[in-house]
Amino acid sequence: MGENEAGLPNTSLQGKKMAYQKVNADQRGPGHSQYLDNDDLQATALDLEWDMEKELEEPGFDQFQLDSTENQNLENSETVDLSLDSIQPATSPKGRFQRLQEEPDFATRYARSAPKSNHCNFCRLLKILCMAIILFIFGILIGYYAHENCPSNATSSGTIDLQLYQEILKTIQAEDIKKSFRNLVQLYKSEDDMEISKEIETQWTSLGLEDIQFVNYSVLLNLPGPFPSSVTLSSSGQCFHPNGQPCSEARKHSSQDLLYSYAAYSAKGTLEAEVIDVSYGNADDLKRIKKMKNITNQIALLKLGKLPLLYKLSLLEQAGFGGVLLYIDPCDLPKTANLSYDTFMVSLNPGGDPSTPGYPSINGSFRQNRSNLTSLLVQPISASLVAKLISSSNDRIKNGVCSPLELPNNEERIINMQVQTVTKFKTVTNVVGYLKGLTSPDRYIIVGSHHHTAYSYSGQEWASSTAIITAFIRSLMLRVKRGWRPNRSIVFCSFGGTAFGNIGSYEWGEDFKKVLQKNVVAYVSLHSPIRGNLSLYSVASPSLQQLVAEKNNFNCSRRAQCPDTNVSSVQIQGDANYFINHLGVPTLQFAYEDIKALQGPSFLSEALFPNHATKIEEMDPFFSLHETITKLSGEVILQIANEPVLPFNALDIAIEVQNSLKGDQPNTHQLLAQATRLRDSAELFQSDEMRPANDPKERVPVRVRMLNDILQDMEKSFLVQQVPPGFYRNILYHLDEKTSQFSILLEAWEHCKSLASNETLQEAMSEVLHSINSAQVYFKAGLDVFESVLLGKN
């Protein structure tokens, strides 16, 4: 596979001249990519020689200077004209270099060294002069007629690309998405996981996708038992199922949804103990409760939200609790959401097959016995059951104000909880389709959706996800059939086992880890795209935030209302997890959400409700929101897959790091100093390499390939090894929109409050420091590579 994608241009200001010198194509090193070793690229002068002197004057920067060099071996160089017709010039997104342009002291200047004199006799000089005049006149004539008859590639190519994208996207129609959605939901009740996978494969094949594969893994699933779990009040003997329905009535009117109200990979058994209200279960809540009651082997009444569920359960387990009743407070939900009687499912699996942690579930793999991933008995229950347990009415709204559910401290409730689950090995299927790129087939943009797993319920949002990815494939293949291809490969994935902890995506990622680490450029998530209908909610890696914001603003300009278009880097649910946290791949996601849901506590989406197809169609009856998500995601996919220079922003990563260290946290001076050095290196990298790379006149294939390799790996420096349960290993992502600090530092500071030792804080700060330093060294090494390439040719 290729090691460097296309060439990087040298920096140039308008009006400045640069001296170029052709270099023999066969002077390339033996490690050169086979994808670049073709006749077209050999006919292109791969490397350009120039004499350049540059100063970057800005507070906080040292002066950098590249010595001008020259190559004396002119006799061996080929005299082939530089032709870059096969490389599409990039259209730099508006604002990509805006921050650098706003710097008042930023200046770049180039100096051209004086040519060296050669001693020749008069006749030889005369011949050379005559030949030069003839060639000059001939060149003027060719240039004149070429200009008259052909449009400028440099000025029109970006416009042509945008027109091409719009031609592809305009074929996406809401009606087609609706038909696909309704066809998919007909398979919802299927007990065979392969039936849905085969239907997806059939659809994609009929649209012309050329290479589609089934990738199967035998994994350990924790399934509901034959009977629903129950909660019994010891004082009265009343028995309730998780939705609040009395056990006696449930026998007469049983519902399949009752079985699936459970916590996958919870401990199973029976526990009789006192219920203790721990609210949201954070460190302060537990510290307060420990002073009041003995919590050993008791049952915690826990609200979902505000912090990752796995983190809160780890705190409860460490504190000594024996069981957990998990619920969602109605006050945390939008007013339109009436879920008081609804049950839900959660997974306690951080990711992948629990029996093969960290390695793929392929034939011959060692299987660990991990039927439960916690010692706690965990049972999700409805808000209506909580109201019965605390002897409160279901109506919590008085005078327009919602009163949260709360168990009085002076009251005691003894209950008996019974959790039943069954552990079985089942086959999870991924559907993977490939559209190979034209110039860089070894670079992948992964588009990820998921499909329903027959052994669980995960609502109907999977059908929205699958219908959207199918609609984009349909529009894309219409253009491919006419002879066009993107420069990079696009890989379409429909993952299975998502509800159990993103099992399909984790196993696939672990199976192909070496290939994906090297070749994946970006991941576009289509997980749960329609969660509401009021606000467009966008999440993106720092390097992709400007690109996503531009698409948001453009979409806003076409709509009557323009909601807040801020783009954030926050933890999200779904199969993007593995690519963010184990591969460090830049990721983005568009979705529609309710504004109240965005304003409320985070992590409520960890609960999986059995929403039916009618619910999706109520939120988007004309499927116009589905169409918008498809077009927004599709345009970003096309831009990343087709632009010669990846539309990533290095400087935004450094700025995000600096913003994550703002606040009144103590002992951050070393981190701030290192963050400043990172920004200096990122600014220099962006001005020296990225800015000129977006000028088609200066673009050189080998240097662009080198630049893209650096851009796609920028986030890998921010993967840390040890994080609290439920926290992202990629520290560029915050817990939610309300927090801007590094999540592992926030947790460590909270941990320090309850302990005399600050060892945990020191470890977290060390992790962050090493990540920032690694990123700074990475950018500096990138600059050194480009400089050494220049010097090595002289």
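In which sense, left-handed or right-handed, does H20 pass H21? The first legend below takes this up, and the other close-ups follow. Keep in mind that everything here comes from a predicted model.

**View 1. Helices H20 and H21 pack against each other.**
Let's start with the opening question: the crossing of H20 past H21 is left-handed. On the H20 side, the contact is made by Ala650, Leu651, Ala654, Ile655, Val657 and Gln658. H21 brings Ala675, Thr676, Leu678, Arg679, Ala682, Glu683, Phe685, Gln686 and Met690. Sort the residues of this contact by class and you get ten nonpolar, three polar and two charged. To find the pair, look for residues 650-660 for H20 and residues 669-693 for H21. Their axes are 8 Å apart, at an angle of about 165 degrees. Angles over 145 degrees count as roughly antiparallel, so that is the word for how H20 and H21 run.

**View 2. Helix H12 packs on helix H19.**
Two packed helices are described by the angle between their axes and the distance between the axes. For H12 (residues 461-480) and H19 (residues 624-642), the angle is about 55 degrees and the axes are 10 Å apart. That angle makes H12 oblique to H19. The crossing of H12 past H19 is right-handed. H12 touches its partner through Ser464, Ile468, Ala471, Phe472 and Leu476. From H19 come His626, Ile629, Thr630, Gly634, Ile637 and Leu638. Seven of the residues in the contact of H12 with H19 are nonpolar and four are polar, with no charged ones.

**View 3. Seven strands line up in an open sheet with S1 and S17 at its edges.**
Reading across the sheet, the order goes S1-S13-S15-S14-S16-S18-S17, and the pairing is mixed. S1 and S17 (535-540) are the edge strands, and each pairs on one side only. On average, neighbouring strands here are turned by 20 degrees against each other, ignoring direction. Between S16 and S17 there is a loop, and Ser528 sits in it. Ser528 isn't a glycine, yet its phi is positive, at about 45 degrees.

**View 4. Zooming in on that sheet, here is how S1, S13, S15 and S14 pair up.**
S1 (residues 211-224) and S13 (residues 421-435) run antiparallel, joined by 14 bridges. One spot to look for is Phe214, whose bridge partner in S13 is Val431. S13 also pairs with S15 (residues 488-495), again in the antiparallel sense, over five bridges. Here Leu435 has Ile490 of S15 as its bridge partner. Next to S15 comes S14 (residues 440-450), and this pairing is parallel, over eight bridges. Find Tyr444 and you'll see Ser489 of S15 standing opposite. As you follow a strand, remember that in a regular strand the side chains alternate between the two faces of the sheet.

**View 5. Two helices, H19 and H22, lie across strands of this sheet.**
H19 lies across S14, S15, S16 (520-525), S17 and S18 (587-593). Compared with S18, H19 runs at about 170 degrees. H22 (residues 701-712) lies across S14, S15 and S16. Its angle to S14 is about 30 degrees.

**View 6. Another open sheet of seven strands runs from S3 to S9.**
The order is S3-S2-S12-S5-S6-S7-S9, with mixed pairing. S3 (239-240) and S9 (377-380) are at the edges with a single partner strand each, so one side of each has no neighbour in the sheet. Inside the sheet, S5 and S12 (residues 414-419) run antiparallel and are joined by six bridges. Glu272 stands opposite Asn416 of S12. H10 (residues 309-319) lies across S6 (299-303), S7 (323-327) and S9, at about 155 degrees to S6. In the loop between S5 (269-277) and H9 (283-292) you'll find Ser279. Ser279 is another residue other than glycine with a positive phi, near 55 degrees.

**View 7. A disulfide joins Cys239 to Cys247.**
A disulfide is a covalent bond between the sulfur atoms of two cysteines. The model has two disulfides in its count. In the one between Cys239 and Cys247, the S to S distance is 2.0 Å. The torsion about this S-S bond is about -60 degrees, so the disulfide is left-handed.

Methods:
Residues numbered from 1 in each chain as written. Predicted model: local features only at pLDDT ≥ 70, side-chain atom pairs only at ≥ 80, totals over all residues. Heavy atoms only, no water. Pairing = 2+ DSSP bridges. Helix = DSSP H or I, 4+ residues; strand = E, 2+ residues; numbered from the N terminus. Axes fitted to C-alpha atoms, helices over the stretch in contact; angles between N-to-C directions. Parallel < 35°, antiparallel > 145°, perpendicular 65-115°, else oblique. Left-handed = near helix turned anticlockwise from the far one by under 90°. Contact = heavy atoms within 4.5 Å. Nonpolar A, V, L, I, M, F, W, Y, C, P; charged D, E, K, R; others polar. Disulfide = S-S within 2.5 Å.
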